[in-house]
Amino acid sequence: MLRSLRVHVLFFIVLFVIAACSNESNGEQTKEKEDPEEKQEEKFNYPEAAKDAEGIIEQGPGELVEFIQEVEDLESIDAEEMDKKLNDEVKALPGDLSVDQAYDFIIAKVGFPYKKPAEMYDAFDSEYKSPGERAEEEKPKNIVFLLDSSGSMAGQVSGGVKMDLAKSALNRVTGNTDPNTKIALRVYGHKGSSEDKDKKVSCDSSELVYPLNPYEEGKFQDALNDFKPSGWTPIATSLELAKDDFNEVGDDVENIIYIISDGIETCDGDPVKAAKEIHESDLDVTVNVIGFNVDTKGQKQLKETAAAGGGEYKDVNSKTDLNKTLDDMIGDVKKNIDEDINEAKTGIDINTWYSEQSSELRKIHDRFIGITQREYGLLKRYINLLYDHEKLKKGAYTDLTDMIKERKEIMESYSQERKDKLLKEVEDSRDKAREELEEKKQE
């Protein structure tokens, strides 16, 4: 009897243990079923994409297009290279992405930058000012010219020898600068020769021949006569040394460099890095570059140098090109204020201002449109990539396409509205200036 009781007790204990293990096993299975969802959530960790204009501007560019600084840079996007970068990441995404998840992903990767063109609208001045008022508002400028004096500058272009044309253009444009503008001239590559044996002495040659001062015709002409085209091309070294050529820092002065070169750096320096450093220094120097009869390889490096320095690149191939480009880029050619005021009195200046401001607004708007169109094309490409890898829920493809189309329309509407508003302000300011002009004429 006692033995039978023990058998029964043992039997119930065994049943209890089996049940407990079964429950524990079921719990583990439940946990295992939950884990994939948790892991799926962890795998998809992309920020929520903004869906209004202000948010889109503030969110900035996607991870793969952060290099874009200018609309022109959009042309350098290599979609096939991006495909390779995104392909593995797309494969690792969880299946059955919702429309919002897929949208967040492609925007985080290839959403385009809108902040810079939006800031151009912010900085746009829609109020007309007379020539006298504009002259009073301009910051004094410090301009340092870096002139290539390497051997290749002895070459010919339309109009004459490159070095002779450069000297003549510099003398003319500096002679027409405002008296408050200070200029300096640094030359490089003017020692030694272009032979390998002279590389070191030539690459070390970067000399300030006219220190930063208002233009003095005799002294500047003497400085121009003091060198001739000779050796190699140390652009980076000259940019580094140019930091000491400026003697004023702050918000009340504008520091500018103009490089005139007919080729790339040949002294193993990095002009792009040097331009970036001086631009981002306390001097806040803008580095502009004029490529004088430069080949394709040279244009690429010089364009990158200008971009890194926050400035412009212009390509010239003749005497006429160089003179016009210097005038246009410097934008500091001295004007007779009395003559400008007389033009204002006849309405010429007002009409010119209105035409220029209208044109500038169109350019800013075109910049926006260029971005929205290129972005739409790339986003659609990656919707197809998600679809091809079967990452989208059923019906999500159409909804996702509608979302990127709506994003495009939102940004185009934003730009159009800002353009129209500013253009109305420009027109109102023009009309007000004309009324004041008529009142003065009647007096």
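Colleague: What do the numbers and values rest on?

Modeller: Residues are numbered from 1 along each chain as its sequence is written, and side-chain values use heavy atoms, with hydrogens and water left out. As the model is predicted, local features need pLDDT of at least 70 and side-chain atom pairs count only at pLDDT 80 or more, while totals for chains, interfaces and linings use all residues.

Colleague: How many helices and strands does the chain have?

Modeller: There are 16 helices and 8 strands. Helices are DSSP runs of H or I with at least four residues, strands are runs of E with at least two, and both are numbered from the N terminus.

Colleague: Why is Glu375 called buried?

Modeller: Buried means under 20% relative accessible area, exposed means over 50%, and partly exposed is in between, with a 1.4 Å probe and protein chains only. Glu375 has a relative accessible area of 1%, so the residue is buried. Its place is in helix α15. Leaving out residues up to four places away in sequence, Glu375 touches Val110, Gly111, Phe112, Tyr114 and Arg407; contact here means heavy atoms within 4.5 Å.

Colleague: And what makes Val99 buried?

Modeller: Its relative accessible area is 18%, so Val99 counts as buried under the cut-off already given. Val99 lies in helix α4. Apart from neighbours within four places in sequence, Val99 is in contact with Ala396, Asp399, Leu400 and Met403. The C-alpha atoms of Val99 and Ala396 are separated by 5.4 Å, although the two are 297 residues apart along the chain.

Colleague: How do you know that Ser415 is buried?

Modeller: Ser415 has 0% relative accessibility and therefore counts as buried. Ser415 is part of helix α16, residues 396-442, and touches Tyr121, His365 and Phe368, not counting residues up to four places away in sequence. For the chain as a whole, buried residues make up 42% of the 443 residues.

Colleague: Is Asp284 buried, exposed or partly exposed, and what is its phi?

Modeller: With a relative accessible area of 48%, Asp284 is partly exposed. Its phi is about 50 degrees, a positive value although Asp284 is not a glycine. Most residues other than glycine have a negative phi. Asp284 is found in the loop between α11 (271-279) and β7 (286-292). Asp96, in the loop between α3 and α4 (99-110), also has a positive phi, near 55 degrees.

Colleague: Why are the buried residues of α9 said to be on the same side?

Modeller: The buried residues of α9 (residues 217-224) are Phe220, Ala223 and Leu224. They cover an arc of only 100 degrees around the axis, which puts them on the same side of α9; the arc is that of the directions from the helix axis to the C-beta atoms. On the other side, Lys219 and Asp222 are exposed. The buried residues of α9 pack against α7 (162-175), β4 (182-188) and β5 (206-214).

Colleague: What makes the pair of Tyr128 and Trp353 edge-to-face?

Modeller: A search of the whole structure finds 9 aromatic pairs. Rings of Phe, Tyr and Trp (its six-membered ring) pair if their centres lie within 6.5 Å; planes under 30 degrees apart count as stacked, over 60 as edge-to-face and the rest as tilted. The rings of Tyr128 and Trp353 have centres 5.4 Å apart and planes at 75 degrees, so the pair is edge-to-face. Tyr128 lies in the loop between α5 (115-123) and α6 (131-137) and Trp353 in helix α15, so the pair ties together parts that are 225 residues apart in sequence. Both residues are buried. Elsewhere, ring pairs link Tyr114, Tyr121, Phe368 and Tyr414 into a cluster.

Colleague: How do the axes of α3 and α15 meet?

Modeller: The axes of α3 (residues 79-92) and α15 (residues 348-388) come within 11 Å and cross at roughly 40 degrees. Axes are lines fitted to C-alpha atoms, for helices over the stretch in contact, and angles run from 0 to 180 degrees between N-to-C directions. Residues of α3, among them Leu86 and Val90, meet residues of α15, including Leu378 and Tyr382.
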